[in-house]
Amino acid sequence: MMDIRELNERIQQESSFVDAIKHEMAKVIVGQHTMIDRLLIGLLTGGHILLEGVPGLAKTMAIKSLANTIDAKFSRIQFTPDLLPADLIGTLIYSQKNEAFVVRKGPIFANFILADEINRAPAKVQSALLESMQERQVTIGESTFKLHEPFLVLATENPIEQEGTYPLPEAQLDRFMLKVVIGYPDREDERSIMRRNLLHEFPSTSKVVDQQSILTARSVVKDVYIDEKIENYILDIVIATRNPGQFKLRNLEGLISHGGSPRASIYMAMASKAHAFIKRRGYVVPEDVRAICADVLRHRIGVTYEAEAENITTEHIIEQILNTVEVP
Amino acid sequence: MMPILFQLLKPNFLAHRVGWSKGLILAAFMLMAYLPSAANPKATIAIAPDSIKIGEQFTIDIQLHLPPTQVAVWPLLVQDFAANIEILSLQPIDTTNSSGNRVLSQTLIATSFASGFHPIPPVVFTIIENQDTMEVETEAMLVSVQDIAIQEGDTPYDVKPILSMPWSFREIASVVIPVLLGIMVLYYIIKKFRDTIALRKNHKLQNPKPELPAHVEALKNLERLQQKKLWQSGKVKLYYIELTYILRHYLERRFAIKALEITTDETLALLSGLMHEQHLLIMIENLLRTADLAKFAKLQPDGSTNDVCMANAILFVKSTAQETVEPNAVNGVEGTSDSELNPQTKTEA
């Protein structure tokens, strides 16, 4: 185990690109700092991210901007109801010249995939994407191809206009490390957005980091120290989503249909480490856990009909859990 | 015999054939011969009914007419005295007087489980008179036992159920009264128990255990932590865990914030809105940050830092202690105050 002081110094060196990326993205995106931090967490851990927000909140632009700041291959796939798995992963086509079937790779063979409006494509396309996310490889015909590293899927979905959509099942949602809900910008940020558009000022981002730096940073993130007390804190939170009665949260017992899976604990620990890295720390503190907790748990907790009838959302449940579970 | 006797008694008959005197003597002899002799024993048997269905019961009445001078030996009627006949009960021998004779009688109740005609053999009595013995016996009888006709084609049916007798008041009372008594006793015990609990609760509410003021409790706990000498024995992490727990518990009581469920950043943010003393805020921030490093980042602060943290914790508690007024002070009597801990503190709770 590396010494914390030494690790802190290493983090200071390896995390310099974080500020550079933030700076580049700030040229294009006004505000939305939390969203940018979460995108960086996904980048540093290899965890896929689902962005949810109403149209016009710069979801797609944020992802495109992030991809543009990194010297990596970027693919954007607009999910539509007539999309086929082959359109995503590729297919075998017959080459008359060679008189043989050749593999034509799909847009998934990139470092950053923007799966725009993922809930508009049918289940078979969603499955093809989610399988690639989990396995990090694609099989076309009889050949299996490893996907490029870093490989990151950033999907977006729209919480309104549910007609003609295919909501992601819980098992597939569980594969996303974070589900980030994007809210409206505040008054001043919106004023700034308005002015930029009126002046037709649309600056573009430039590449500030290469793939190797990302992979190196990922190895540093793995070394971030997480104390047993923090591990227990994470476990307490996740177990409280399953058995709230154990944590004096009997009022939540009838409101939760299913709690977080073990992936919730794993991703919470990974995301906490990445958050600590972004904050230039070599160790995780409870603040890191609390910062990413809602984004990790939001899509992993199921609420009952009773909760829906009382307008109780997963956000309310997570807030109550965080306010009750003792911080180490 | 009787027609002959009537013929003899006709006046014409005697007058024509033997003459009056001889006729009378002959008639008297014949009459005496016919009438039951007072000196002769006689045994009779009667069966009622003499025809039964299989398993039904019938009675056998045995009578022995015995002159007073005679003694009879009554035979022992055992189970197998008649084939296929079972004696169910044997009543005791009864003795009555009838026309100067003794009449000995006994009734038997019997049954048979074999169909057919079953003879009941004669019952033989031995009669003793002076030194002479003789035997007298009843007639042999016949009992007819018939099978029960089976109704072919009928579905089999069970035997009749046991007749249930209606419950008597005594029986009902013997069950109901103990149950009622049991319920009453149980009710009494539960009521007594609940009353006792309520009484204790009321007593507690009326006389709650006086809770130590937050700062007094915190200072006591800090002193106890010092005495444990945790960091001196190498348990630095545990020392800071306990130190921050005491402080956070104090903050929770003193400032009514949920300090145990919030992080250091959140605690400091809340405190900055509640306190104006910057030096105290800086002091507590340094303390909590050092504790976080010890708890979560494997930092091993040196002994002097540990002592400074303890001293700062005590100073912070004393500086932010809330003024408490003793109950007698309210009544105009001068009471003790904690304001001497830090008279110039102006914290907002």
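A:Ala155 is buried, with a relative accessible area of 0%, in what is a predicted model. Because buried is taken to mean under 20% relative accessible area, the 0% computed for A:Ala155 places this residue in that class. A:Ala155 lies in strand E9 of chain A, which runs over residues 152-157. Leaving aside residues up to four places away in sequence, A:Ala155 touches A:Ile49, A:Leu50, A:Leu51, A:Ala115, A:Ile118 and A:Phe176. A:Leu235, by contrast, is 80 residues from A:Ala155 in sequence, and the two C-alpha atoms are 27 Å apart in space.

Helix H12 of chain A, residues 286-297, has 12 residues and should span 16 Å at 1.5 Å a residue, which agrees with the 16 Å between its end C-alpha atoms. H12(A) is mostly covered, since 10 of its 12 residues are buried. Among the buried residues of H12(A) are A:Pro286, A:Val289, A:Ile292 and A:Leu297, and also the charged side chains of A:Glu287, A:Asp288, A:Arg290 and A:Asp295.

The elements of chain B that give two or more residues to the side touching chain A are helix H6 (236-255), helix H7 (264-274) and helix H8 (278-296), and the largest share, 4 residues, comes from H6(B). By residue class, that side of chain B divides into 8 nonpolar, 2 polar and 8 charged residues.

The counts for the contact between the two chains are set out below.

| Item, chain B with chain A | Value |
|---|---|
| Residues of chain B in contact | 18 residues |
| Residues of chain A in contact | 21 residues |
| Salt bridges | 2 salt bridges |
| Polar contacts (both at pLDDT 80 or more) | 11 residue pairs |

In terms of area, chain B and chain A bury about 1,600 Å² between them, and 56% of this is on carbon and sulfur atoms. Of the area that chain B buries against chain A, 41% is supplied by B:Glu261, B:Phe296 and B:Lys298, more than by any other three residues.

Definitions and conventions. Residues are numbered from 1 along each chain as its sequence is written. Chains are lettered from A and ligands numbered from 1 in the order in which they are written. This is a predicted model: local features need pLDDT of at least 70, side-chain atom pairs count only at pLDDT 80 or more; totals for chains, interfaces and linings use all residues. Side-chain values use heavy atoms; hydrogens and water are left out. Buried means under 20% relative accessible area, exposed over 50%, partly exposed in between (1.4 Å probe, protein chains only). Contact means heavy atoms within 4.5 Å. The expected span of a helix is 1.5 Å times one less than its number of residues. Buried area is the accessible area (1.4 Å probe) that two parts lose on being put together, summed over both. A salt bridge is a side-chain nitrogen of Lys or Arg within 4 Å of a carboxyl oxygen of Asp or Glu. A polar contact is a pair of N or O atoms within 3.5 Å; within protein, one must be able to donate a hydrogen and the other to accept it, and residues adjacent in sequence count only if both atoms are side-chain atoms.
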